Amino acid sequence: MLISGESGAGKTESTKFIMRYLSYLSNDKARTQGMQDSKKKSFEDQILSSSPILEGFGNAKTVYNNNSSRFGKFVKVSFSTNGVIEGGRIIDYLLEKSRVTKQNPMERNFHIFY
């Protein structure tokens, strides 16, 4: 699935909704099959807990948005034959490198530098 759009179109939020939905379906399937471990963090929790780290390195203030994503990522989600999420990983993390050395007027560098 590819999520694309113009600046401010809601790509980041749409991705979070889709991840929550996939996690819900997987957790529900695991519960009905008696496979869910209550001590284990859900896939949703694991993926969403990595977001603040990625956003700190990849978000910046722009003219349009105080917390604009300046990166792209490819997330690979692995499913078992039963339809339960087994894991996921970020394969590519594409960063707007030019922002490190120069910003447009009224814009800032990545949040991690402040």
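Select Val77 and Gly88: Val77 stands opposite Gly88 in strand S4. This is a predicted model, in which local features need pLDDT of at least 70 and side-chain atom pairs count only at pLDDT 80 or more, while totals for chains, interfaces and linings use all residues. Residues are numbered from 1 along each chain as its sequence is written, and side-chain values use heavy atoms, with hydrogens and water left out.

Now select residues 71–79, which form strand S3, and residues 85–95, which form strand S4. The two strands run antiparallel and are joined by nine bridges. Strands are DSSP runs of E with at least two residues, helices are runs of H or I with at least four, and both are numbered from the N terminus. Two strands pair if DSSP finds at least two bridges between them.

Between the strands of this hairpin lie five residues. Select Gly83 there: Gly83 takes a positive phi near 90°.

Go on to Phe74, which stands opposite Asp92 in S4. Is Asp92 buried, partly exposed or exposed? Asp92 is partly exposed, because its relative accessible area is 41%. The cut-offs are under 20% relative accessible area for buried and over 50% for exposed, with partly exposed in between (1.4 Å probe, protein chains only). Not counting residues up to four places away in sequence, Asp92 touches Gly72, Lys73 and Phe74; contact means heavy atoms within 4.5 Å.

**The loop between S1 and S2**

Select Thr62, in the loop between strand S1 (59–60) and strand S2 (68–69). Thr62 counts as buried because its relative accessibility is 6%. Which residues is Thr62 in contact with, leaving aside its neighbours within four places in sequence? They are Ser68, Arg70, Arg99, Met106 and Glu107.

**After helix H3**

From that list, pick Met106, which sits in the segment after helix H3 (98–101). Met106 counts as exposed because its relative accessibility is 68%. Its phi is near 70°, a positive value in a residue other than glycine.

Phe113 also belongs to the segment after H3. With a relative accessible area of 54%, Phe113 is exposed. Select Val100 as well: 13 residues separate Phe113 and Val100 along the chain, and 9.3 Å separates their C-alpha atoms.

**Helix H1**

Move to helix H1 (residues 11–32) and select Met19. Met19 is buried, with a relative accessible area of 8%. Show Ile47 too: Met19 and Ile47 are 28 residues apart in sequence and 8.1 Å apart in space, C-alpha to C-alpha.

**The whole chain**

Finally, select everything. The protein has three helices and four strands, and read along the sequence they follow the pattern α-α-β-β-β-β-α. Taken along the principal axes, the C-alpha atoms fill a box of roughly 55 × 25 × 20 Å. The radius of gyration of the protein is 17 Å, whereas a compact globule of 114 residues would have one near 13 Å. That radius is taken over C-alpha atoms, and the globule rule is 2.2 Å times the number of residues to the power 0.38.

Buried residues make up 23% of the 114 residues. Of the contacts between residues at least 6 apart in sequence, 50% join residues at least 24 apart. Colour the surface by element: the accessible surface comes to about 8300 Å², and 54% of this belongs to carbon and sulfur atoms. Accessible areas come from the Shrake-Rupley method with a 1.4 Å probe, and for residues only the protein chains shown count as cover.
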